[in-house]
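These are my notebook entries on one chain. I wrote down what I looked up, in the order I looked.

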Amino acid sequence: MTPASAVTPSDDRCPVCHEPTPAETQLWTLRSHHRTSEGEVEYCIGGCGCLVILVNGEMIKSLSADRR
């Protein structure tokens with residue numbers, strides 16, 4: 001096991017837009033969640049602004065951040 005200081009979060013990239021995530025930015029933040037007949041639905045926003053929707057932990061939809 002490596003110490004936490006050996007981990008380089010600046011190497012992280014968003015799986016949606018592939019933009020690098022700054023070290024000081026949290027990669028994903030849970031914005032909302034609720035239970036449906038299909039299972040647990042979660043809405044998460046990335047440090048880059050992308051949004052992902054998960055059902056039972058599996059990504060079913062992703063939206064890239066508007067970079068205009």
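**Entry 1: cysteines**

I began with the term: a disulfide is a pair of cysteine sulfur atoms within 2.5 Å. In general, a disulfide is a covalent bond between the sulfur atoms of two cysteines. I noted that the model is predicted, so local features need pLDDT of at least 70 and side-chain atom pairs count only at pLDDT 80 or more, while totals for chains, interfaces and linings use all residues. I also noted that residues are numbered from 1 along each chain as its sequence is written, and that side-chain values use heavy atoms, with hydrogens and water left out.

How many disulfides does the structure hold? I found 0. I then took Cys50, which is in no disulfide either. Its nearest cysteine sulfur belongs to Cys48, at 3.6 Å.

For burial I used relative accessible area: buried means under 20%, exposed over 50%, and partly exposed in between, with a 1.4 Å probe and protein chains only. Cys17 has 18%, so I listed Cys17 as buried. Cys50 has 0% and is buried as well.

**Entry 2: strands and sheet**

I looked up the secondary structure next. Helices (H or I, at least four residues) and strands (E, at least two) are DSSP runs, numbered from the N terminus. The chain has 0 helices and 4 strands, and its elements run β-β-β-β from the N terminus on.

Two strands pair if DSSP finds at least two bridges between them. Strands of a sheet pair through backbone hydrogen bonds, either parallel or antiparallel. I found that S1 (residues 28-36) pairs with S2 (residues 39-46) in the antiparallel sense over 8 bridges. The two form a hairpin, with 2 residues between them. Thr36 has Gly39 of S2 as its bridge partner, and Arg35 has Glu40 of S2.

S2 is also joined to S3 (residues 51-55), by 5 bridges, and these strands run antiparallel. Val41 has Val55 of S3 as its bridge partner. This hairpin has 4 residues between the strands, and Gly49 there takes a positive phi near 105°.

In what order do the strands lie in the sheet? The 4 strands form an open sheet in the order S1-S2-S3-S4, with antiparallel pairing. S1 and S4 (58-63) are the edge strands, and each pairs on one side only. From one strand to the next the twist averages 20°; for such angles, axes are lines fitted to C-alpha atoms, for helices over the stretch in contact, and the angles run from 0 to 180 degrees between N-to-C directions.

**Entry 3: the salt bridge**

A salt bridge is a side-chain nitrogen of Lys or Arg within 4 Å of a carboxyl oxygen of Asp or Glu. I searched the whole structure and found 1. Which side chains meet in it? They are those of Glu40 and Arg35, at 3.8 Å from N to O. These residues are also bridge partners in the strand pairing. Are the two buried or exposed? Glu40 is partly exposed at 24%, whereas Arg35 is exposed at 62%.

**Entry 4: core and contacts**

A nonpolar core is a set of buried Ala, Val, Leu, Ile, Met, Phe, Trp, Tyr and Cys residues joined through side-chain atoms within 4.5 Å. The largest one here has 9 residues, including Cys17, Cys50, Val52 and Leu54.

Contact means heavy atoms within 4.5 Å. Leaving out residues up to four places away in sequence, I found that Leu54 touches Glu40, Val41, Glu42, Cys44, Met59 and Ile60. Met59 lies in S4 and is partly exposed, at 46%.

Last, I took totals for the chain. Of its 68 residues, 22% count as buried. Among contacts between residues at least 6 apart in sequence, 14% join residues at least 24 apart.
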